[in-house]
Amino acid sequence: MATSSNNAVLKRSDTNNIADTMPDALKQSRYHMKKCFSRFVGAGKRLMRSHHIMGEMEKSIEDKLERAKVLEGLLGYILTSTQEAAVVPPYVGLAIRPNPGYWEYVRVNADDLTVEGISSLDFLKFKEMTFDENWANDENALEIDFGAIDFSTPRTTLPSSIGNGVSFISKFMASKLSGHSGNAKPFLDYLLALNHRGEKLMIDETLDTVEGLQTALIVAEAHVASLPKETPFHNFQHRLKEWGFEKGWGDTAERVRETMRTVSEVLQAPDPAKLEMIFSKLPSIFNIVIFSPHGYFGQADVLGLPDTGGQVVYILDQVRALEEELLQRIKQQGLVFKPQILVVTRLIPDARGTKCNQEMEQIFNTKHSHILRVPFKTEKGVLRQWVSRFDIYPYLERFSQDASAKILEHMDGKPDLIIGNYTDGNLVASLMANKLGIPQGTIAHALEKSKYEDSDAKWKELDPKYHFSCQFTADLISMNATDFIITSTYQEIAGSKDRPGQYESHTAFTMPGLCRVASGINVFEPKFNIAAPGADQTVYFPHTEKQRRFATFKPQIEELLYNKEDSDEHIGFLADKKKPIIFSMARLDTVKNISGLTEWYGKNKRLRDLVNLVVVAGFFDPSKSKDREEIAEIKKMHSLMKEHQLKGQIRWIAAQTDRYRNAELYCHISDTKGAFVQPALYEAFGLTVIEAMNCGLPTFATNQGGPAEIIEDGISGFHIDPNNGTESSNKIADFFEKCKVDSDYWNRMSAAGLKRINECYTWKIYANKLLNMGATYGFWRQMSKEQKLAKQRYIHMLYSIQFRNLVKNVPIPSEEPQPTPLIALPPAGKPKPAVVSPPEVAAPKPVIEPPPLVPRQDTS
């Protein structure tokens, strides 16, 4: 498995790479750089992050003007682009990321400042010297290099193209299908293979040549064009059959004609737009399997149990949207088939009062979607108790086999698409998709490697608790095995200018003593796609739609906001009820920065004169929390309220779990002509931003992470810098002052936010994108069979030789029935998450109240 690294994907294409330009840059500031690099090596072997590098720079160049001059030049650009430095005196190895997805590596001699360009593999070996010198020098160390066997896969080249996989692959396929008619044969074969449980769709075997199909389409389209547009398909079905056409073209003459014209154009002169269009119309997906094995997957009384949170909410909302889109597509295709969606999870006999011990459960508000639960088994039988997501690996292979058998039985055949979730679900999806030859998509939700600093290099320390050796290997397998990857934001893939993305962190890394990953995943691969989830629009809707409002909550909301007496649910009060309200809702931790917002507000007199502040977050009493970070934030909030004398201007409400009441709270804030503020230091996606905008609240959100993509600054909302409270608070104050001068400004921003949501961030848009991915990559899978097979063999070797052995190190608990670990229940004032019944005026009852989609915390 040890092969030479394909470093082309890690190097910029221009000839002036950093190894060539850095020596001159060092000469221009030789005195300061000699001092700086001497400080780097002075502490001996170590690994430095970007903030360490900048810290040493400040100490080396004490004069601020001189330091600013250095940082403004090429050398400053190089050093600020450096993500990490491995120090092995007298050398310093730098991993430099000039742009998202692009990496360069150099080694600098601190004695004479000579610079040498090195490969990613050389940098990893150099980095290993700081952890395990024997491993670094082992010539037979295991090296994993997916780039070396993925040489024929087309790739994007621009960072701006990352995440546009369907668009890119459509362009590539269009070029392959163009030219003489023989090039279109793969598309013809694809049409011939379309069927539903053995029943032919689209065309029969008589149309087995491109020329024959083209001729038949001309005749058939002319006939259909002579019919009234709304003529039902069954009225002319028999005539079409005489020419070799089966059902699936459409439900009316108009739709049949449109589909036939598009197929003709693809056969004659394919272009990317036509290809994308035809794959959205063809009847290729009816049955979908979604894997999510870990935690307690259910529709009631599960949130708050171990490993059970946002992912469950995401999948249940996803399923409802997918079923609705499938039903619409099947109808428009002129078919009467019933789709099936199975969410496959683990059956837990000791279910703690939930339905997780029931094999089949229909999903609320669906007709054809179910939860299928399959137990974990060992040599001793069914495992009864809950198992942490970090300890789940020994059961997954058997689970995949048992689940496959159950799925084939329930669906009466193979599914058309398999979707995995998180590490365990993605691995199981990869095993089943490979076995059955089915298109596969994966959703990470959270890649643990990017959450724990140096978790790869320090895997030995963390493995007894987290088994990262298994997890990172499983992630590598599924990332490379899958046909397409679904992400919520660009930043999830390739980060920002300053921060690598979650997937990008798997480009090259090392686990000393286990393996060296010279090329793990390439973010320029066209398998990456962005499909952002939405908020449930039966719950979160514009505040102006009075007839839909949850009026029964009005007294509760009034009490929650304006009652002057402190209670278990709220403290502080608002003396001036006529002021607009700025509102924020999040966990009470450092990253969410609720205390930061409170401090901005406290320091900005202009803002305080304009608006009140309401925050929904955590507890008030530090003794009720067991989280050290939350305890510190609670104390900080009390200190800030006292320091800035916020009495009468702030309302602090305990964390809320009733999403219907939360939706009405958003609407009430909108009624005050207020705004929503999301001040996080970093936010992976930003579901609360979408909820607020759905309700018509003008929104100010962090420019660090997903919200920066959701909001167009100054158009559909506002970006704020969480690291510059003065600037951010003034930006909010400017907005409210402008609203005073321009009475319609608030309404225009509210409408612009709603327009942005409805154009880009709804579950309907998501479902449409996902089904288009499934169809497009299903065809691409057939066009790239040889490359796919080569990669699968490499993956199978990694799975068999590496992963299976690592799994043996994960302990298996006793098979005797045991109580699951006790979970701290929320104290009074913080209700337990549960299914929330809607008020009588509400839209149909949803499944469960979604907490913000945020990276999960360790609950083991």
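Guide: What follows sets values computed from the model against the definitions behind the terms. This is a predicted model, in which local features need pLDDT of at least 70, side-chain atom pairs count only at pLDDT 80 or more, and totals for chains, interfaces and linings use all residues. Residues are numbered from 1 along each chain as its sequence is written, and side-chain values use heavy atoms, with hydrogens and water left out.

Visitor: What makes Thr487 buried or exposed?

Guide: Buried means under 20% relative accessible area, exposed over 50%, and partly exposed in between (1.4 Å probe, protein chains only). Thr487 has a relative accessible area of 2% and is therefore buried. Buried residues make up 60% of the 860 residues in the protein chain.

Visitor: Which residues are in contact with Thr487, leaving aside its neighbours within four places in sequence?

Guide: With contact meaning heavy atoms within 4.5 Å, the partners of Thr487 include Glu492, Tyr503 and Asn529.

Visitor: Why is the pairing of Glu84 with Arg49 called a salt bridge?

Guide: A salt bridge is a side-chain nitrogen of Lys or Arg within 4 Å of a carboxyl oxygen of Asp or Glu. The closest N and O atoms of Glu84 and Arg49 are 3.2 Å apart, and the pair forms a salt bridge. Strands here are DSSP runs of at least two residues (E), and helices are runs of at least four (H or I), numbered from the N terminus. At 10% relative accessibility, Glu84 counts as buried.

Visitor: What separates Asp189 and Lys185 in helix H9?

Guide: Asp189 and Lys185 are four residues apart in helix H9 (residues 185-193), which means a separation of about one helical turn. Their side chains meet in a salt bridge at 2.8 Å, N to O. Asp189, at 31% relative accessible area, is partly exposed, as is Lys185 at 35%.
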